[in-house]
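Welcome! Take a moment to look over the sequence and the 3D view, and then we can walk through them together.

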Amino acid sequence: IAILAQARFGWARKVRSPPAARPGGTEGLGEACGAGPSSKGATMSPDGSSSSAARSAQDPKDAEAIVAFKRPLSGEAPLPLPPPPPMPALAAHLASLSDAASLERRGDAALAPLAEEALRAMHTASEELKPPPRLVASGITERDRLRIVSWLSHAFEVARFTDGSLFNAVTLLDRYFAALPHEGVHTSDAQHKLLAAVLIALKLESREPQVNIREVVSHLGRDAVPWKRICAAEMAILKKISFRAQAPSPHEFLNALGARLLDDDGAIRNLAEYLLQMTMLDAEVHYQYPHGVLAAAGLALALYSKQAPPGAYRSVFEDLCLALPDTIDAAEQVHRCCLDIHRLWLQGATESREEAKAFLRQLRGKFARLPLPHGSMSFEPPQQPPTAL
């Protein structure tokens, strides 16, 4: 109908009628579209006459109507268009990058119209695919999981793989061990599953196009594991997770929620990334909260530890609300998550588990080697957690 009206009369637009419209009439619709009072509840027919819009409003649930306008005659002022809806701050920020010097930054500007929908889609997919903490604890012992996380973190740093690949590999294994029915972790095939998770994570990582994945994975296994067994373990993992390997990680949410932060030296971003990777030690904290909330809590705790002004938190919470539009207690969830991450941060100084100590030692060394313009990174947590955000 809109296409035909546009061809006959010049242009058409969609308007939303009031939710409480009475059946049989659309009073106010004409005025809302810029027409005069005499055209209330009417649409222009192809012959130029006015016809009642009651037929399009018989169902009260139908809150949309197509209103076609006749092309203005010569000399008449064009009909006014309504102002465009306000653009979310994140979309406006991305759109402003169209003139950036970096080609990658200019590419981000193309994502502006999709920013809000993309965040919501990431949240939906993450909530659907992330494993419940109790099932992870049932599928693998805490000690075995700590060994796996520690080995993966060290191997990915040595091979210079991205942090996104690390999160993907850990999540893949947690989802595999959490899938029912549970399977015991046998020494004979544990290494096969571990290398298979690395193989899948590298295949999913688009930023590793020049890597010979087979050589790298075989080298990580010290060339002691036959390639066919790694591929068989890969198929076993994929079958267990119904071939849905790509799940949005906290790392991706961190990139999105931290896009508007004024962090010239990268200190806040690096500290938030350190805190997120630290939560991989505890499956309960890592999977208890939505991953958007986990990333926001990491950023908020990093801002708090750097004594950032209150206004610095605004962009994080505004963009989080785009991802969780129906969550009325998002701020409360972020605050509770901050308390849990702060507790893990404090426990790191007195950690007694050998596997956890090895992981934290490797993690601190990894982030201490990052170049910062104003000195090295501090890993000391604030003594008191934030009382409110």
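## The overall picture

Before we zoom in, please keep in mind that this is a predicted model. The protein contains 18 helices and four strands. Its chain runs to 389 residues, and 46% of them count as buried.

## Helices α7 and α8

Our first stop is a pair of helices. Helix α7 covers residues 142-158 and helix α8 covers residues 163-178. They pack at an angle of about 155°, and their axes are 10 Å apart. Because an angle over 145 degrees counts as roughly antiparallel, α7 is roughly antiparallel to α8. The crossing of α7 past α8 is right-handed.

Which residues meet here? On the α7 side they are R145, I148, V149, L152, S153 and F156, while α8 brings S165, L166, A169, V170, L173, D174 and F177. Sorted by class, the residues of this contact between α7 and α8 come out as nine nonpolar, two polar and two charged.

## Helices α12 and α13

Helix α12 spans residues 250-257, and helix α13 spans residues 267-278. The two pack at an angle of about 160°, with 11 Å between their axes. That angle makes α12 roughly antiparallel to α13, and their crossing is right-handed.

From α12, the contact draws on P250, H251, L254 and N255; from α13, it draws on R269, A272, E273 and L276. The classes in the contact of α12 with α13 are four nonpolar, two polar and two charged residues.

## H251, a residue of α12

Let us look at one member of that second pair. H251 sits in helix α12. Is H251 buried or exposed? Its relative accessible area is 13%, so H251 is buried.

The side chain of H251 is joined to the side chain of E273 by a polar contact of 3.0 Å. Setting aside neighbours within four places in sequence, H251 is in contact with D163, G164, F167, R269, E273 and L276. Two of the names in that list, R269 and E273, also belong to the α13 side of the helix contact.

## E205, in a loop

Next comes a loop residue. E205 is located in the loop between α9 (187-204) and α10 (213-220). With a relative accessible area of 12%, E205 is buried.

Which side chains make polar contacts with that of E205? One is the side chain of T162, at 3.1 Å. Another is the side chain of S165, at 3.3 Å. Apart from neighbours within four places in sequence, E205 is in contact with T162, G164 and S165. S165 is also among the α8 residues that meet α7.

Two residues from one loop come next. S249 lies in the loop between α11 (227-240) and α12. At 2% relative accessibility, S249 counts as buried. Beyond its neighbours within four places in sequence, S249 is in contact with F167, N168 and H291. The C-alpha atoms of S249 and S165 are separated by 9.5 Å, although the two residues are 84 residues apart along the chain.

R244 has its place in the loop between α11 and α12 too. Its relative accessibility is 36%, so R244 counts as partly exposed. Leaving out neighbours within four places in sequence, R244 is in contact with E128, L129 and R175.

## R361, in α18

Our last stop is R361, which lies in helix α18 (residues 354-368). Is R361 buried or exposed? R361 counts as exposed, at 54% relative accessibility.

How far apart are the C-alpha atoms of R361 and G348? They are separated by 9.5 Å, and the two residues are 13 residues apart along the chain.

Notes: Residues numbered from 1 in each chain as written. Predicted model: local features only at pLDDT ≥ 70, side-chain atom pairs only at ≥ 80, totals over all residues. Heavy atoms only, no water. Axes fitted to C-alpha atoms, helices over the stretch in contact; angles between N-to-C directions. Parallel < 35°, antiparallel > 145°, perpendicular 65-115°, else oblique. Left-handed = near helix turned anticlockwise from the far one by under 90°. Contact = heavy atoms within 4.5 Å. Nonpolar A, V, L, I, M, F, W, Y, C, P; charged D, E, K, R; others polar. Buried < 20%, exposed > 50% of the residue type's maximum accessible area, 1.4 Å probe, protein only. Polar contact = N/O pair within 3.5 Å; in protein donor to acceptor, adjacent residues only side chain to side chain.
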